[in-house]
Amino acid sequence: MLVLATLCWSVSFATMRALSLSQQHELTGASTWFISSYCVALRFGLASAIMLLWCIRTVRGLTGSEFWQGLGLGVFGSAGLILQMDGLAHTDASVSAFLTQCYCLIIPFWIALLERRWPSRPVIVSCLLVMVGVAVLARVDWQSMRLGRGELETLLGSVFFTGQILWLQRPCYARNNVNHFSLVMFVVMTFCALGLAVASQHQPGHWVRAYAAPASWVLMAVLVVISTLGGYLLMNAWQPRLGATEAGLI
């Protein structure tokens, strides 16, 4: 199930890159922060509406634990995605895909720091294999690799993705309803991104022009259905059944 979730997310790299490039062409003078945050707000706003319809009969039973779990996931997730998408506007999709995987290294070393012991040899080897494998498959050009704005934002986004994975693993949330805390997560991500979009917009007309082209809605539909509802619901339901290190590597 986590492999399937990863497949859903992999679609988002090229999709967000295509959407970002088309909107930069259409929205002359618009900040990349506005384009990125507006996309995240719309993406998770639509996902929130669908999730609300899906669990409308049970949502009144939302517990405090489910709310706090969704809140944490939403804050970490929105920060990571906005940084990742804004970074995509300043670097190649292949470089973004490679650098995003840095949480594969951060998670085991964070756990090792908490437990005051070095990661096991299989974990270290697995981390290196993942990073090398992604670099090869993404065809990362090491000669052109540099730590510019796009690369630094992607790395920082990976830190927030680490927080998201670790927050989902907390034992106190083990019995929560996945639909309920996923709904809270989507709503929180919507409003976090919307706040940044409002703060970074330069022209009111950009709100309409950003999605005036039919192709933009096709790309958004792919993001909502496959990468959001597909990827995140699979992650939220199945990731807690594994350890954080194993889940991160997958």
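Modeller: In this predicted model, the second largest pocket is lined by 13 residues, and those nearest its centre are Gln69, Leu168, Tyr173, Ala174 and Pro240. By residue class, its lining divides into 8 nonpolar, 4 polar and 1 charged.

The largest pocket holds about 580 Å³ of space, and 26 residues line it, with Thr6, Trp9, Phe13, Gln101 and Tyr103 lying nearest its centre. Its lining divides into 16 nonpolar residues, 9 polar and 1 charged. Several helices supply at least two residues each to this lining, among them helix 4 (93-100), helix 6 (121-137), helix 7 (149-168) and helix 10 (214-238), but the largest share, 7 residues, comes from helix 1.

Helix 1 also deserves attention for its packing against helix 3, which likewise supplies at least two residues of the lining of the largest pocket. The axes of helix 1 (residues 2-26) and helix 3 (residues 64-88) come within 9 Å and cross at roughly 60°, which means that helix 1 is oblique to helix 3, and the crossing is right-handed. Where the two meet, Phe13, Met16 and Arg17 of helix 1 face Gln84, Met85 and Leu88 of helix 3 in contact, a set that divides into 4 nonpolar residues, 1 polar and 1 charged.

Key. Residues are numbered from 1 along each chain as its sequence is written. This is a predicted model: local features need pLDDT of at least 70, side-chain atom pairs count only at pLDDT 80 or more; totals for chains, interfaces and linings use all residues. Side-chain values use heavy atoms; hydrogens and water are left out. Axes are lines fitted to C-alpha atoms, for helices over the stretch in contact, and angles run from 0 to 180 degrees between N-to-C directions. Helices (H or I, at least four residues) and strands (E, at least two) are DSSP runs, numbered from the N terminus. Angles under 35 degrees count as roughly parallel, over 145 as roughly antiparallel, 65 to 115 as roughly perpendicular and the rest as oblique. A crossing is left-handed if the near helix is turned anticlockwise from the far one by less than a right angle, and right-handed if clockwise. Contact means heavy atoms within 4.5 Å. Ala, Val, Leu, Ile, Met, Phe, Trp, Tyr, Cys and Pro count as nonpolar, Asp, Glu, Lys and Arg as charged, and the others, Gly among them, as polar. On a 1 Å grid over the protein atoms alone, a cavity is a set of points where a 1.4 Å probe fits but cannot get out, and a pocket is an open set with protein on both sides within 12 Å along at least five of seven lines; lining residues have an atom within 4 Å of a point. Grid points are joined across faces, edges and corners, and a volume is the space filled by probe spheres set on the points.
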